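Here's a quick briefing to read alongside the model. Have the viewer open and follow along.

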Amino acid sequence: MEVGVEEGGTRVQVAIIGAGPVGLCFARALAMHGVKVALVDKQPREALREAAFDGREIALSHPSQAILERLDIWRRISAEERSPLRDARVFNGASRFAMTIASGRHERRKPLGVLVPNHAIRRAAYRAAEECANIHWYQAALERIESAADGVRLALDDGSRIEAELAVAADSRFSQTRRHLGIAAEMRDNGRTMLVCRMQHDMPNDQTAWEWFGHGQTLALLPLDTHLSSVVLTLPAREMDSVLALDEAAFATEMERRFSHRLGAMEKRSKAHRYPLVSVYAERFVAHRFALIGDAAVGMHPVTAHGFNIGLQGQQRLAERLLAARRRGQDIAAPNVLESYQRDHRLATRPLYLATQAIVSLYTDDRLPARLLRHVGLRVAERAAPLKGAIAHHLLQRHSRLP
């Protein structure tokens, strides 16, 4: 199909619903190889171009950095917005013992990853996509989607009509597009709310991330500068309301207490943002001339920091298959093309998703047997060098290139 405005509307090869960071990266991955793309999102273009700070810091693995480099996105993220992540430590309860994951013993060892603000990734991805003349932008919401033997037809709430060979949903873990297509999803409401904000603290963070499973709460620390970190607090929603109601001085005192004063005096440096913790795994990633990517396919719990990395790798898997089919002159939405993506993405994500849910269940259980099991588990894991080495290798490894 060629792009053009006809009686039936704009014709493209791929229509993407959702201009979040994964949707933008996917649009860029296709458009830079000549694919005609329609990108649909109800947010104004200016809001995409100047994405606002939302409190979230993304722990990018090395494979994810490589993908962003190939999409010409990485260079658009300034050095000031990149914070190296040297080590990771996992605590349980009041004990000061921690399992430590490091990338190696050499003093010049490569960091485990890099922390980048979510809004910085969104801005950089938008600017890269904006340069592609063959991306058609629509500020609208999807009203209806229909599939036929030869393509899909999208009706938008602004009256626009789009015809495409393939439609791809990238519109969050609560995807309305997924619902339009009747694809069910395994959805787990973890019964917790996550608070994120930046805080300055007296004690240095040593470029080390913390994951601290306390009694009745989960804490995380993401190092941004020596004395500046993104602080993550997870609580039941009702308790979180009380924390958010505090003034800044009382909030700082409360966070000092929750961190057992291990960071010394603390001071709030950004607005606090809250997010519900809901994990999602779609029953299927594909349907007739339709595919899911990003959180619409797999919405991870943040405990393992894999969410955006999985989203990036998923869009790459799909882009690779579409571009390969296009080079062969094959229908890019042929069943074998989409099934190949679904098979590989499920193999790559399902075990991690299930393992993450098991970790969350164990580490949010405050009963004495679970607390003892966590303590013993961390002690054993700390001595299991092959296990920790495998985790570090997973973060450092490289993946195949886009064609």
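Helices (H or I, at least four residues) and strands (E, at least two) are DSSP runs, numbered from the N terminus.

This is a predicted model, where local features need pLDDT of at least 70, side-chain atom pairs count only at pLDDT 80 or more, and totals for chains, interfaces and linings use all residues. Residues are numbered from 1 along each chain as its sequence is written, and side-chain values use heavy atoms, with hydrogens and water left out.

**Helix α7**
- At the start of α7, a side-chain oxygen of D247 comes to within 3.3 Å of the backbone nitrogen of A249.
- α7 covers residues 248–258, and its buried residues (under 20% relative accessible area, 1.4 Å probe, protein chains only) are F251, A252, E254, M255, E256 and R258.

**The open sheet**
- There are 6 strands in an open sheet, ordered β10-β4-β3-β14-β22-β21, with mixed pairing; strands pair if DSSP finds at least two bridges between them.
- β10 (135–139) and β21 (286–287) are the edge strands, each with a single partner, so one side of each lacks a neighbour in the sheet.
- β4 (residues 37–41) runs parallel to β10, joined by 5 bridges, and L39 sits opposite W137 of β10.

**Helices α1 and α8**
- α1 (residues 21–31) and α8 (residues 307–328) pack at about 25 degrees, with axes 9 Å apart; axes are lines fitted to C-alpha atoms over the stretch in contact, and angles run from 0 to 180 degrees between N-to-C directions.
- That makes α1 roughly parallel to α8 (angles under 35 degrees).

Notes:
Buried < 20%, exposed > 50% of the residue type's maximum accessible area, 1.4 Å probe, protein only. Polar contact = N/O pair within 3.5 Å; in protein donor to acceptor, adjacent residues only side chain to side chain. Parallel < 35°, antiparallel > 145°, perpendicular 65-115°, else oblique.
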